[in-house]
Amino acid sequence: MKKNIIAELLLNFMKIGLFTFGGGYAMISMIENICVEKKGWITHDDMMNITVISESTPGPIAINCATFVGSRQAGMAGAIAATFGIVRPSFIIIYAIAVFAGNFWQLPFLSNILGGIKIAVGFLIADAGLTMIKKMKKNKKSVGIMAFSFLTIAAAKLLSVNISVITVMCLCAAFSLFTCIISGKNSGTEVKK
Amino acid sequence: MIYLDLFYGFLRVGCFAFGGAYGAIPLIRDVVLSYGWLNEETLAYMIAVSESTPGPIMVNLATYIGTSQDGFLGAVIATLAVVLPSFAVILAVTAIMSKFLRSPYVQAIMGGLKPCLAGVILATGLCMILSNCVPFWGAQLDVHSLIITFLLAAVIIFSKKVMKKKLSSVSIILVSALIGSIVYCF
């Protein structure tokens, strides 16, 4: 039984690693899809927590999520299996590129495929955001914070002003902590069931 | 000693790379240029390669630089070093997480961060989709991306509304690759 879960973690995270184009946020949708919806390894609430923790700890979100899911399922061995699994596909690909080199993505056939995938990344990221919002517990405060961060980042992107995500996150965290201390009430962090 | 340099250099990248790959690029640039592993031009080229191959940019860069400096062993050491800090941090966080999350202050902070991140992620995704359809700031409208965006949206909506089945992320990637390889032929 224990061996099975290790093998399954390794295999599924290799799949995630192989199909993750476009970095962290696109990967959230993939991990949610496999680990929450298909395998039920973690709950959506866990996923939300680990996303927030990943953003506030160093390192790629992908690695953080893999380590977390793995250690939840099978302790240290699971964490190693999942992390190793998610790194291996890109390691092999990049190693091959570095050794055989070349500007492979300028091959017309490959650049066509990559052109298509580049566009899918936007959809995957938007989907991850939508899922989070759908499952978020909605009250005046959480919707307000959501609208604030959405508008700030959207405006920054459209006007090509550089506002770091970390700044926005710090503002929201400070605001939430401040209002909670003032009202003396706990904010709703639970996921709507 | 090249192994030690690789390990230490990428350990630093792994330790201080907050806020995802794009936040980390200035730091990576700093480390990589200071050791002379790559120059500006090859770094820009490598970032493009890392973006068009699967996997986190940081890990891809580490593997590439490790290989170019000292073959397979170099690649293993650099990749290990860049992964190690986040691995260790998350392992520690998981161990104390349930206790940590019960604290009312942590809950208050998380209560602010979750909706914030949801907004950030949605905005990022929508802006990426939008930038394929509307030319911003003098950029030329790419008709191919526009067509692919609409075809992909149609496929996603069709499977959700008509087939009543949400496409998995992997199938969306595969479908987009297929659409891309067809549309760009014209």
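## Burial, folds and contacts

User: How much of chain A is made up of buried residues?

Analyst: This is a predicted model, so keep that in mind throughout. Chain A has 193 residues in total, and the buried ones among them come to 52%.

User: And what's the figure for chain B?

Analyst: Chain B has 186 residues. Taking a residue as buried when 20 or more other C-beta atoms lie within 10 Å of its own, the buried part of chain B is 43%.

User: What secondary structure does chain A have, helices or strands?

Analyst: From the N terminus on, the elements of chain A run α-α-α-α-α-α-α. There are 0 strands, and the count of helices is 7.

User: Which order do the elements of chain B follow?

Analyst: Chain B has 7 helices and 0 strands. Read from the N terminus on, that gives α-α-α-α-α-α-α.

User: What share of the contacts in chain A, between residues at least 6 apart in sequence, joins residues at least 24 apart?

Analyst: For chain B, the share of such contacts that join residues at least 24 apart is 49%. For chain A, that share is 60%.

User: What radius of gyration does chain B have, next to a compact globule of 186 residues?

Analyst: The C-alpha trace of chain B spans about 55 × 50 × 35 Å along its principal axes. A compact globule of 186 residues would come out near 16 Å, but chain B has a radius of gyration of 21 Å.

User: How far apart are the centres of domain 1 and domain 2 of chain B?

Analyst: Chain B is split into domain 1, residues 2-102, and domain 2, residues 112-183. Taken over C-alpha atoms, the centres of domain 1 of chain B and domain 2 of chain B are separated by 28 Å.

User: Which helix gives the most residues to the side of domain 1 of chain A that touches domain 2 of chain A?

Analyst: In chain A, domain 1 covers 2-135 and domain 2 covers 137-193. Their contact takes 6 residues from domain 1 of chain A and 4 residues from domain 2 of chain A. On the domain 1 side, the elements giving two or more residues are α3 (44-56) and α5 (108-135) of chain A. With 4 residues, the one that gives the most is α3(A).

User: Now the contact between the chains. Which helix supplies the largest share of the side of chain B that touches chain A?

Analyst: The contact takes 79 residues from chain B and 88 residues from chain A. On the chain B side, α1 (2-16), α2 (20-35), α3 (40-52), α4 (57-102), α5 (104-133), α6 (143-161) and α7 (169-183) each supply at least two residues. The largest share, 26 residues, comes from α5(B).

User: How many residues on the side of chain B that touches chain A are charged?

Analyst: That side divides by class into 49 nonpolar and 29 polar residues. The charged count is 1.

User: Which element of chain B has the lowest mean pLDDT?

Analyst: Chain B as a whole has a mean pLDDT of 81, with 91% of its residues at 70 or more. Among its elements, α6(B) has the highest mean, 87, while the lowest, 72, belongs to α2(B).

User: Where in chain A does pLDDT stay under 50?

Analyst: Chain A averages a pLDDT of 80, and 89% of the residues score at least 70. Where pLDDT is low, the predicted coordinates should not be read in detail. The model has 22 contacts beyond four places in sequence for the stretch under 50, which is residues 187-193.

User: What ipTM does the predictor give the complex?

Analyst: The predictor scores the complex with a pTM of 0.75. The ipTM it gives is 0.75.

Note on methods
Residues numbered from 1 in each chain as written. Chains lettered and ligands numbered in written order. Predicted model: local features only at pLDDT ≥ 70, side-chain atom pairs only at ≥ 80, totals over all residues. Contact = placed C-beta atoms within 7 Å. Nonpolar A, V, L, I, M, F, W, Y, C, P; charged D, E, K, R; others polar. Domains from an automatic or database assignment. Rg over C-alpha atoms; globule rule 2.2 N^0.38 Å. Buried ≥ 20, exposed ≤ 12 C-beta atoms within 10 Å, placed from the backbone. pLDDT = per-residue confidence, 0-100.
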